[in-house]
Amino acid sequence: MAALWLSPSPSLRHLLLLRPRFPGSFPLRHSHSRRLLCSSAASSTLTHGDADAPAAQGDGVVDVNPPRGTRDFPPEDMRLRTWLFDQFREVSRLMTFEEVDFPVLESEALFIRKAGEEITQQLYNFEDKGGRRVVLRPELTPSLARLVIKQGKSVSLPLKWFTIGQCWRYERMTRGRRREHYQWNMDIFGMPKVRAEAELLQAIVLLFERLGITSKDVGIRVSSRKVLQAVLNMYSVPEHLFAEVCVIVDKLGKLSRDEIERELISTGLSSEAVQGIIEVLSLKSLSKLEEVLGSDDDAVADLKKLFSFAEQYGYADWICFDASVVRGLAYYTGIVFEAFDREGKLRAICGGGRYDKLLSTFGSEDTPACGFGFGDAVIVELLKEKGLLPDMSRQIDDIVFPLDEALEGPASNIASSLRKKGRAVDLVEDKRLKWVFKHAERINASRLILVGSSEWERGMVRVKILSTREEFEVKAGELE
């Protein structure tokens, strides 16, 4: 790598010379134009690959925007992302979950399922150079299931694992919905009772509370896939239609009732069954559901237990029963839930549920499991909406500045010593003092350490506390 920088190729040297020296060297970004980077040495044109990507404007013109629906993370955005991920990790630590990870690139077979799930139409899938069908993962749960199967009996149940990973879906973009996003998943394997769901819901509420969000801002709708199964049984609907019906009724609230009815009838359901399904899924009261299904029904029993746990945990005001929640993924088998902003301006903030039969679809033995996925994009939009984004300004402890070229060595020694003590230090040289003060303000530095000739002859440096303008001398070896 060093040889590359010491003797760059002609094309790289040419690109380095294109680095702008003055603000405004490149045109400003406008909604009707793209920022372009020109290089006559480039031999090809890079575009988004989307139908709406702009045509290349001559040889060597490169569109410097990321592919449509994806994001760059310049320093200020990266600081926000790191802060949010730290919140995810801290809540996971409090809940005693362990972190795992898996490849972004997975086998396509892991995500191809029946029942016409929307997600199967949104895959970034292709054939690799070895002829294998692969996919950029659209979600994390199947990868987690694969890892659980791979670990086998080397791990003991219950497993409490979490991950933060990038996911890809080729879908229509709206506010808070992108074609790539990062997702925080928490999953529990080997816990068959609703205690697992109660724990996951507490994790979600803990995260919201840490972010400054209250139950007046956000609610969590809760239901069970068993509700829909019970209604289908009432109308003798064949078992093989269950997953397909779930996918359709998950669109309640997104499509009109007439559109939902037409899609359900197209599966072969009778008009009577369709009306019965929609009527039950319109219920917002657990007591009303109990009147329809009976107190002995499994779905009713599970939900009553979960709401009892919610009282004990202290988050009952966050959750509400809503029979229309079924979630769009086919593998859910029991309780399902999703968080929403009460003003209704955003899509679902997070969602999850129980999936006791997922492992058997991959050829393993079924294991009780449940989990949730929590995307990064929607929660950031909500924090913006509520004015809850933290100050993400850059924060530096010290700037060390030699006032003379002959003092660059001592300045280097001071910077190194402070860094070893855990302080963030920016070593600046070849600048005017006026520039250094402006730079200190830009990066929120706490101290400015000036290495001057007269002070250094006495083994001293001059320290300026930038917040108070206090100024004093300190022995170089006693800097902390």
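Guide: The model is predicted. Its largest nonpolar core has 82 residues, and helix α5 (residues 195-210) gives the largest share of this core, 9 residues. Trp 184, Phe 208, Leu 228, Leu 289, Phe 374 and Ile 379 have the most contacts inside the core. In soluble globular proteins, nonpolar side chains tend to be buried together.

Gln 183 lies in strand β8 (residues 180-189). Gln 183 counts as buried because its relative accessibility is 11%, under the 20% limit. Its contacts beyond four places in sequence include Leu 140, Thr 163, Ile 164 and Phe 374.

Leu 228 belongs to helix α6, where Leu 228 is one of the residues that meet α7, together with Arg 225, Gln 229 and Leu 232. On the α7 side are Phe 242, Val 245, Cys 246 and Val 249. The residues of this contact divide into 6 nonpolar, 1 polar and 1 charged. The two helix axes come within 11 Å and cross at roughly 120°, and the crossing is right-handed.

A second, separate core of 20 residues includes Leu 147, Trp 161, Tyr 331 and Ala 369. Tyr 331 sits in the loop between β10 (319-321) and β11 (335-341), and counts as buried because its relative accessibility is 7%. An unreviewed UniProt entry lists Gln 183 and Tyr 331 under "binding site", with Leu 140 also among the listed positions.

Note on methods
Residues are numbered from 1 along each chain as its sequence is written. This is a predicted model: local features need pLDDT of at least 70, side-chain atom pairs count only at pLDDT 80 or more; totals for chains, interfaces and linings use all residues. Side-chain values use heavy atoms; hydrogens and water are left out. Axes are lines fitted to C-alpha atoms, for helices over the stretch in contact, and angles run from 0 to 180 degrees between N-to-C directions. Helices (H or I, at least four residues) and strands (E, at least two) are DSSP runs, numbered from the N terminus. A crossing is left-handed if the near helix is turned anticlockwise from the far one by less than a right angle, and right-handed if clockwise. Contact means heavy atoms within 4.5 Å. Ala, Val, Leu, Ile, Met, Phe, Trp, Tyr, Cys and Pro count as nonpolar, Asp, Glu, Lys and Arg as charged, and the others, Gly among them, as polar. A nonpolar core is a set of buried Ala, Val, Leu, Ile, Met, Phe, Trp, Tyr and Cys residues joined through side-chain atoms within 4.5 Å. Buried means under 20% relative accessible area, exposed over 50%, partly exposed in between (1.4 Å probe, protein chains only). UniProt positions are given in the numbering used here, feature names are shortened, and annotations may be inferred rather than shown by experiment.
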